[in-house]
There are 2 protein chains.
Amino acid sequence: MAASVTAALLVIGDEILSGRTKDRNIGYIAEYLAAIGLDLCEVRIVPDVEAEIVAAVNALRSRYTYVFTTGGIGPTHDDITADAIAKAFAVTIDHDPRAVAILKAHYSPGQLNEARMRMARIPEGAELIENPVSKAPGFRLGNVFVMAGVPKIMQAMMDQLGPRLTRGSPMISATVTAYLAEGDLAKPLKEIQDRYPEVTIGSYPFEEAGKFGAHLVLRSRDEEKLAAARRDVLHMVEELKSSGKVKLWS
Amino acid sequence: MAASVTAALLVIGDEILSGRTKDRNIGYIAEYLAAIGLDLCEVRIVPDVEAEIVAAVNALRSRYTYVFTTGGIGPTHDDITADAIAKAFAVTIDHDPRAVAILKAHYSPGQLNEARMRMARIPEGAELIENPVSKAPGFRLGNVFVMAGVPKIMQAMMDQLGPRLTRGSPMISATVTAYLAEGDLAKPLKEIQDRYPEVTIGSYPFEEAGKFGAHLVLRSRDEEKLAAARRDVLHMVEELKSSGKVKLWS
């Protein structure tokens, strides 16, 4: 198990950038990767433009352990991800016999037209990712995993991939909810952060039913350090509440 | 009015990458910008790490007309956006008298501690963006607009900015919903796309209650071309449905 395995996600699709479709994959993949100990370090959303996809794939694959992409692997003219990935890796792309066999088993001969056959175009050297929902496969080339954009299909593909990825030490987290203003807890919280460099502490303000507060989220790969930092945060919150100097929201 | 005004969005925050918080700003900003004729060309999500924010801001601001950022302008130690923006532009950053005045009017002297004063740190030469919700301002520096991550505050800031941005010719769109499989309409759809280079046609498959189909979305700045392409798409769908050769889902 590696200490830290990094990942990036590339979301491909005009429909996300135009606001027409609300992305539902980023949050899912972020949670999925966190659960198996991978650090999602960057996400990019780019349009259905070959040069943009090529540039983003190459920027990300050279930098992170894994790159996941979603979108652009269907049968229509705007589905250009497979060709863009081939270009990014400077390899050829053609109808892949394994992918053709999958499509032939799924579609009747009359249905398997030229457009559907496009879904069997796979870059040279790639490994297929099974699609149990609608059959047309995704693929892995090098450290890049190419998945469908339809959430249900992407999730099924992710389930194929998950067990095969190198996992990092799991990141564990703890949340302390403080009904205090961020501005009142910022200084002592920073002091705790400075004492625990192995723990990342984030503060996320919220408002619920007119009450204000902050979720203080502690994340670490070191369980003991996490527990110690959490105790300090809880102690800090109690001290602030009993100080009489700050506004309490509960 | 410019023919095309481009924009990028930079979402800053560990909590989005860890999956803990589901982003609600990307879709909102995408729709907002589309409505005022701006082309959102790229989105990036980066962690609360100064070097990452600096690199992303510099990559995006040199490339697009406008860059919008969300997140990282609160009072806690993980709020480092203002300092990162100053670094990206190689300008100094200090307590800004205008921002200090806003905070002084809002907080009592006992409340306005060092942490809250951090929210008045604004890069040299920036213009403030008013925050009607919780007062601590955002700012504009060059072509970069720095907004809060809390959706309600971001939206209020966007409403300040919207009227002041150079608008592009509005992108207009039309959607044709076809209860046909993408693989059956892909070829004639590509032919229509090839006839109308001024219209971008996207195909987005869906499944609802066991019925399959695709939303065919046409987007253009040319109303007549859009209307003509839409007529051709409607005609294509009718032809396919009456051909007896494809599976109908309604």
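Modeller: Domain bounds are taken from an automatic or database domain assignment. On that basis, chain A is divided into domain 1 (5–164) and domain 2 (172–243). The centres of these two domains of chain A, taken over C-alpha atoms, are separated by 38 Å.

A word on the model and its labels. It is predicted: local features need pLDDT of at least 70, side-chain atom pairs count only at pLDDT 80 or more, and totals for chains, interfaces and linings use all residues. Residues are numbered from 1 along each chain as its sequence is written, while chains are lettered from A and ligands numbered from 1 in the order in which they are written.

Now the sheet. Helices (H or I, at least four residues) and strands (E, at least two) are DSSP runs, numbered from the N terminus. Two strands pair if DSSP finds at least two bridges between them. In chain A, three strands make an open sheet in the order E9-E11-E10, with antiparallel pairing. Strand E9 (172–178) and E10 of chain A are at the edges with a single partner strand each, so one side of each has no neighbour in the sheet. From one strand to the next, the twist averages 20°. Seven bridges pair E9(A) with E11(A) in the antiparallel sense. Ser173(A), for example, faces Arg219(A) in E11(A).

Next, the helices on the sheet. Residues are in contact if their C-beta atoms, placed from the backbone, lie within 7 Å. Angles run from 0 to 180 degrees between N-to-C directions, and axes are lines fitted to C-alpha atoms, for helices over the stretch in contact. H8(A) packs on the sheet and touches E9, E10 and E11 of chain A. The direction of H8(A) makes about 165° with that of E10(A). Helix H9 (residues 223–243) of chain A also packs on the sheet, touching E9, E10 and E11 of chain A. The direction of H9(A) makes about 5° with that of E9(A).

Parts of this region also meet chain B. In total, 47 residues of chain A are in contact with 47 residues of chain B. Among the elements that each supply at least two residues of that side of chain A are helix H8 (182–195), strand E10 (200–208) and strand E11 (211–220). This side of chain A has 19 nonpolar, 13 polar and 15 charged residues. Here Ala, Val, Leu, Ile, Met, Phe, Trp, Tyr, Cys and Pro count as nonpolar, Asp, Glu, Lys and Arg as charged, and the others, Gly among them, as polar.

Terms used: Contact = placed C-beta atoms within 7 Å.
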